[in-house]
Amino acid sequence: MPGGSLTAIGRARRGLPKQVRGLALAGDYTHMPSVNGAVASGIAAVEDLLTAKGHATT
Ligand SMILES: Cc1cc2nc3c(=O)[nH]c(=O)nc-3n(C[C@H](O)[C@H](O)[C@H](O)COP(=O)(O)OP(=O)(O)OC[C@H]3O[C@@H](n4cnc5c(N)ncnc54)[C@H](O)[C@@H]3O)c2cc1C
C-alpha cells in the first residue's frame with residue numbers, strides 16, 4: 001500500500017454522505033483495505049440502517 005493511503009481513505013470517508021435514507025455503504029474502501037476492514041464496514045453499515053430504523057444496536 002503506498003504511503004499516505006490510510007490518510008487518503010480517512011479523508012474520503014469523511015466526505016461520504018452521513019445518511020442517505022435506506023442506503024448504507026460498505027466495503028473495504030470505506031474503512032481499511034483488508035478483510036477486517038471489509039467486515040467492519042459491513043457491521044457498521046447494518047448498525048447505521050438499524051439505528052435509522054429506530055432499532056437499538058449494541
Ligand atoms: C492480491 C491480494 C491479496 C490480499 N491479501 C490480503 C490479506 O492477506 N489480508 C487481508 O486482510 N486483506 C487482503 N487483501 C485485501 C482484501 O482482499 C480486500 O480488502 C477485501 O476482499 C475487500 O472486501 P470487499 O467486500 O470490500 O470487496 P471485494 O472483496 O472486492 O468484493 C466486492 C464484490 O463486489 C462484486 N462487484 C463489483 N461490482 C459489482 C457490480 N456492479 N454488481 C455486482 N457485484 C459487483 C465483485 O465481483 C466482488 O465480488 C488482498 C487483496 C488482494 C488483491
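Begin at the ligand, which is surrounded by Gly27, Asp28, Pro33, Ser34, Val35, Asn36 and Ala38; a residue is near a molecule if its C-beta atom, placed from the backbone, lies within 6 Å of it. By class, this shell holds three nonpolar, three polar and one charged residues. Here Ala, Val, Leu, Ile, Met, Phe, Trp, Tyr, Cys and Pro count as nonpolar, Asp, Glu, Lys and Arg as charged, and the others, Gly among them, as polar.

A word on the ground rules: this is a predicted model, where local features need pLDDT of at least 70 and side-chain atom pairs count only at pLDDT 80 or more, while totals for chains, interfaces and linings use all residues. Residues are numbered from 1 along each chain as its sequence is written.

Now for the fold. The chain has two helices and zero strands, where helices (H or I, at least four residues) and strands (E, at least two) are DSSP runs numbered from the N terminus. Helix α2 covers residues 35-52, and its 18 residues reach 26 Å from first C-alpha to last, close to the 26 Å expected (1.5 Å times one less than the number of residues). Just after α2, glycine 54 takes a positive phi of about 90°.

Arginine 21 sits in the loop between α1 (5-15) and α2. Why does arginine 21 count as exposed? Because it has 6 C-beta neighbours inside 10 Å; exposed means 12 or fewer other C-beta atoms within 10 Å, buried 20 or more, and partly exposed in between, with C-beta atoms placed from the backbone. Of the 58 residues of the chain, 3% count as buried.
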